[in-house]
Every structure is written in C-alpha cells, then in structure tokens.
Amino acid sequence: MTIGGVNGSLLTGSEAVQSAQYKGEVSHFEDLVNSMKKSQKASGDGVVSSSQINNDELNGDFTSGFSNAYVSESDRHARPQGAAVNQSGAHGENRTIDKTSRLYEKSLELETFMVKIMLSSMRKTVNKSNLPGGDNFASNMYEDMMYDEYASQLTKNAGFGLADQMYLQLDRQA
C-alpha cells in the first residue's frame, strides 16, 4: 500500500495520521476547484463578471476590511488621532476627518499594510517550535492570516494616526 508516495508499512502512527490529513486536505481542495470549474462553465465564458466585483473585491473573498466600519454621523466630522493631531492644527486651521469616505478607507488599508510589514519583521525574530506538523503550508497560511487580522485590529484600535495623516495630506491636495 502506498500513501503519499511512501510504502504504508514504513509509516509510524503520527506519519499515518499526517498522511490521512493530507489526503483529506487534497480531496477538499480538489472539490473546491471542481466546484469553481462548474460555476465558471455555468457562467458561460469562465470569466468573472463585473456584477461579482464589489468594492474592488470578489464576492466571497475573506476580508476584514474597513468598508462600513465607520457609519455614524460623528464619524463624518472626527478629530485626527495620533501623530496627525499636530498636522491638523497647522496654520490656525481646525481640520476634521470624514471617516466614512472612500479616501479614509483606503488610507486605513495602507496603514494596515505598513503595520503588517512591521509585524512581519517582528515575527521573523520569534523562534519557532521544532514539533512535528508545526511548519506546514496550512499552519503558515493560518499564521499569516492571523497576523493580517492583528494588523487590521491594531490599525482600528491603536490610534497610530498614519491613516489620519495620509487622509489630511491627500484631502488637502484634492
């Protein structure tokens, strides 16, 4: 019997479990690919239509973006936070930020990207465990998604002010 290209009689208990998990993941992935192929054939030409695109993202994509994060009336006239406080009061003007605008949403996304780069650099300094199964594709992907979410939550809650600074600078030029 061959499992994953290895003779089954040579596998230990943990290797057999990992092999079974791998086969299950492969099967699940193949099912997803086949369902995508069927939906492409059903749409005709196999191309994503413009009706499937919403806010620069495909419907069904996993995102935890910033659209509709700020919807109240007070968000339309918010005071800058963090380092942007110094920039907003320059020359005696009292500037506010419209957190409901698309420009502010994109500024938050750029701040999240910068925070993600910072977290990735910090993550490289952490020693990893040598336990079996700790360094595979799925765990690396999950860890990357987790750090994306960390970056998003830090952007929303830490008040760095980078997005506010970008918004004020770009809004001034508009």
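1. Throughout this note, a residue is called buried under 20% relative accessible area, exposed over 50%, and partly exposed in between, with a 1.4 Å probe and protein chains only. By that rule Phe113, at 52% relative accessibility, counts as exposed, and its place is in helix H3. The model is predicted, so that local features need pLDDT of at least 70 and side-chain atom pairs count only at pLDDT 80 or more, while totals for chains, interfaces and linings use all residues. Residues are numbered from 1 along each chain as its sequence is written, and side-chain values use heavy atoms, with hydrogens and water left out.

2. On the overall fold, the protein has five helices and four strands, where helices (H or I, at least four residues) and strands (E, at least two) are DSSP runs numbered from the N terminus. The order of the elements from the N terminus is β-β-α-β-β-α-α-α-α. Of the contacts with a separation of 6 or more, 71% are between residues 24 or more positions apart, contact meaning heavy atoms within 4.5 Å. Buried residues make up 20% of the 174 residues. The accessible surface comes to about 12,400 Å², and 56% of this surface belongs to carbon and sulfur atoms; accessible areas come from the Shrake-Rupley method with a 1.4 Å probe, and for residues only the protein chains shown count as cover.

3. On the aromatic pairs, a search of the whole structure finds two, the rule being that rings of Phe, Tyr and Trp (its six-membered ring) pair if their centres lie within 6.5 Å, with planes under 30 degrees apart counted as stacked, over 60 as edge-to-face and the rest as tilted. The rings of Tyr104 and Tyr167 have centres 5.9 Å apart and planes at 75°, so this pair is edge-to-face. Tyr104 belongs to helix H3 (residues 102-123) and Tyr167 to helix H5 (residues 162-173), so that the pair links distant parts of the chain, 63 residues apart. Both Tyr104 and Tyr167 are buried.

4. The other pair, formed by Tyr147 and Tyr150, is also edge-to-face, with 5.3 Å from centre to centre and 80° between the planes. Here both residues lie in helix H4 (residues 137-157), three residues apart, which is about one turn of the helix. Tyr147 is buried, with a relative accessible area of 17%, whereas Tyr150 is partly exposed at 41%. Arg123 lies over the face of Tyr147, at 4.8 Å from the ring centre; a charge sits over a ring if NZ of Lys or CZ of Arg is within 6 Å of the ring centre and within 35 degrees of the ring normal.

5. On the charged side chains, the count comes to six salt bridges, each a side-chain nitrogen of Lys or Arg within 4 Å of a carboxyl oxygen of Asp or Glu. Arg123 forms one of them with Asp144, the closest N and O atoms being 3.8 Å apart. Since Arg123 lies in helix H3 and Asp144 in helix H4, the pair ties together parts that are 21 residues apart in sequence. Asp144 is partly exposed, at 31% relative accessible area.

6. Lys116 and Asp148 meet in a salt bridge with an N to O distance of 3.4 Å, and this pair links Lys116 in helix H3 with Asp148 in helix H4, 32 residues apart. Lys116 is buried at 13% relative accessible area, while Asp148 is partly exposed at 35%. A network of salt bridges links Lys116, Arg123, Glu143, Asp144 and Asp148.

7. Within helix H3, the side chains of Lys106 and Glu109 meet in a salt bridge (3.4 Å, N to O), and these residues, being three apart, are separated by about one helical turn. Lys106 is partly exposed at 30%, and Glu109 is partly exposed at 28%.

8. On the surface, Leu110, Phe113, Met114, Ile117, Met118, Met122, Leu154, Phe160 and Leu162 form a nonpolar patch with about 780 Å² of accessible area together. Patches are made of residues with over 30% relative accessible area and no salt bridge, like charges being joined within 9 Å and nonpolar side chains (Val, Leu, Ile, Met, Phe, Trp, Tyr) within 5 Å. The largest share of this patch, six residues, comes from H3.

9. Ile97, in the loop between helix H2 (84-88) and H3, is buried at 0% relative accessibility. Leaving aside neighbours within four places in sequence, the contacts of Ile97 include Asp75, Pro80, Tyr104, Tyr167 and Leu168. The C-alpha atoms of Ile97 and Asp75, 22 residues apart along the chain, are separated by 7.7 Å.
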